[in-house]
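Please find below my notes on the model under review.

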Amino acid sequence: MTRILTPLPVLLPLLGAALALLFGRHPRTQRTVSLSVLAAVLVVSVLLLVQADRNGPQVVHVGDWPVTLGITLVVDRLSALMLVVASTVTLGVLVFAVGQGTASDDETPLSIFHPTYLVLSAGVSNAFISGDLFNVYVGFEVLLVASYVLLTLGGTGPRISAGVTYVVVSLLSSLLFLASIALIYAACGTLNMAQLSERLAELPEGTRTMLQVMLLLAFGIKAAVFPLSAWLPDSYPTAPAPVTAVFAGLLTKVGVYAILRTQTLLFPGGHVDDLLMVAAALTMIVGVLGAVAQRDIKRVLSFTLVSHIGYMVFGIAVASEAGVASATFYVAHHIMVQTSLFLVIGLIERQAGTTSVDRLGGLAASSPLLAALFFIPALNLAGIPPLSGFLGKLGLLQAGVQDGSVLSWTLVGAGVVTSLLTLFAVVKVWNKAFWRPADQAPRSPEAQVAEAAVHAGTAPGVMVTSAAAFVGVSLALTVFGGPLYGLTDRAAADLVDRGAYITSVLGGTR
């Protein structure tokens, strides 16, 4: 069963992409293929999570090649949890996109959107379950190609400009990652991460630290860790709402996952933990200050996305089981909440014709459901108790206090300040866009034209349902926070110990 299920999160989307491309002139068939494939991936991911939690890491050596030569796929508790969250996001956002007509309007050609979206899903899954560094690199490159196509759909000037920036930065990160892979292979003779966990420890400390820093730089760009995060706020907001939602929810978390995996498996011992703590603090503070200064809701959320990456790096830098468990919990929470918010912003833009807080007003009176769909995840993002954002931040703060160092206490303070400023930023959006009367919001001619065009369309019932479902899932993370934290605790114990992972992959070949 393991040999059958483990490759499916990658194989099914690739096969689905081929089918969707073949049926490029049949929109209904394309939609059916895409939704069916992603629903199947979600089911497979849940089964893999159950197996990994009960029986330990699920390992497949593709083609039965030796470990040093072949591709190894590994699904442990961490990667299985990420698969479940990622497949939930890709399926839910696709439902939103179908409801919006993203796959059939003039800006987003149907024959392009569905195959590319499925390829993106395959790249995400590949990065999560890869057991060797080069295959992780392949997953990132698949992501880059697919995300560039999705980012520039419609071919408008702002989207092409943002796409060029995104590709240049991503290629720089990929080149740095590829150079790191080459040096690691030259030093260790393998790229299998289970073998590297043993062989890297035999290298001189200076060489090992250099390789670690190179990988952190490559992954830090992809995860948008300060000061490598300047590209994100200018890239994501220009894309269509579903694309922005899946990018904000997933793509940076793939970089965070790579940092978490390599730090715990390849480079335990805390050689650059102080550097990571400084980066985490700066990411939180600089990101949230940028959010406070913005006048557009998309850019507010983009900067908060950067700032909250700092919380995840915080947990990784503490390097204890409590820190890693809290970081893993926060990754799952943030993916759902951030995706929810960007989908709700898509609804706001469709209804009001703009996302500028200076041009919005009266949304709470005109659309109470839309107001509720924004209000709940916004408070969750700010960490208001008893929501899942509060649970994750509380765990991170406790891990920092337990660490007891000056830097960890500084991070605790930075985390509290960031949470308060996040609350200030979302409350400012709420007061202007939702609470103030509509007649007090100035309306530009461009916004009036856009709003008239939007209201001429059909009611986006499927869009509202999809966004509401994401808000419901984010609330479910609060209701089932105990079991989820239990799972992340077990995943963190495996990551810190490393023994189960190495033994499962290498077996008698160690």
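1. In which helix do tryptophan 430 and phenylalanine 434 lie, and how many residues apart? Both lie in helix 18 (residues 406-435), four residues apart, about one turn of the helix. Helices here are DSSP runs of H or I with at least four residues, strands are runs of E with at least two, and both are numbered from the N terminus.

2. The model is predicted: local features need pLDDT of at least 70, side-chain atom pairs count only at pLDDT 80 or more, and totals for chains, interfaces and linings use all residues. Residues are numbered from 1 along each chain as its sequence is written, and side-chain values use heavy atoms, with hydrogens and water left out.

3. The whole structure holds 15 aromatic pairs. Rings of Phe, Tyr and Trp (its six-membered ring) pair if their centres lie within 6.5 Å; planes under 30 degrees apart count as stacked, over 60 as edge-to-face and the rest as tilted. Phenylalanine 177 and phenylalanine 219 make an edge-to-face pair, with 4.9 Å between centres and 70° between planes. Phenylalanine 177 belongs to helix 7 (residues 157-188) and phenylalanine 219 to helix 9 (residues 205-223), so this pair ties together parts 42 residues apart in sequence. Phenylalanine 177 and phenylalanine 219 are both buried, where buried means under 20% relative accessible area, exposed over 50% and partly exposed in between (1.4 Å probe, protein chains only). Ring pairs also join Phe134, Tyr137, Phe140, Phe177 and Phe219 into a cluster.

4. Strand 1 (residues 58-61) and strand 2 pair in the antiparallel sense over four bridges; pairing requires that DSSP finds at least two bridges between the strands. Glutamine 58 is opposite valine 75, and valine 60 is opposite leucine 73.

5. Seven salt bridges are found in the whole structure, each a side-chain nitrogen of Lys or Arg within 4 Å of a carboxyl oxygen of Asp or Glu. Arginine 77 pairs with aspartate 53, the closest N and O atoms being 2.7 Å apart. This pair links helix 4, which holds arginine 77, to helix 3, which holds aspartate 53, across 24 residues. Arginine 77 is buried at 14% relative accessible area, while aspartate 53 is partly exposed at 24%.

6. What is the partner of aspartate 76 in a salt bridge? The partner is arginine 261, with the closest N and O atoms 2.8 Å apart. Aspartate 76 sits in the loop between strand 2 and helix 4 and arginine 261 in helix 11 (residues 241-265), so the pair ties together parts 185 residues apart in sequence. Aspartate 76 is buried at 6% relative accessibility, and arginine 261 is buried at 4%.

7. Lysine 298 and glutamate 349 also meet in a salt bridge (3.0 Å, N to O). Lysine 298 lies in helix 13 (residues 297-318) and glutamate 349 in helix 14, 51 residues apart. Lysine 298 is buried at 8% relative accessibility, and glutamate 349 is partly exposed at 30%. Salt bridges that share partners join Asp53, Arg77, Arg490 and Asp494 into one network.
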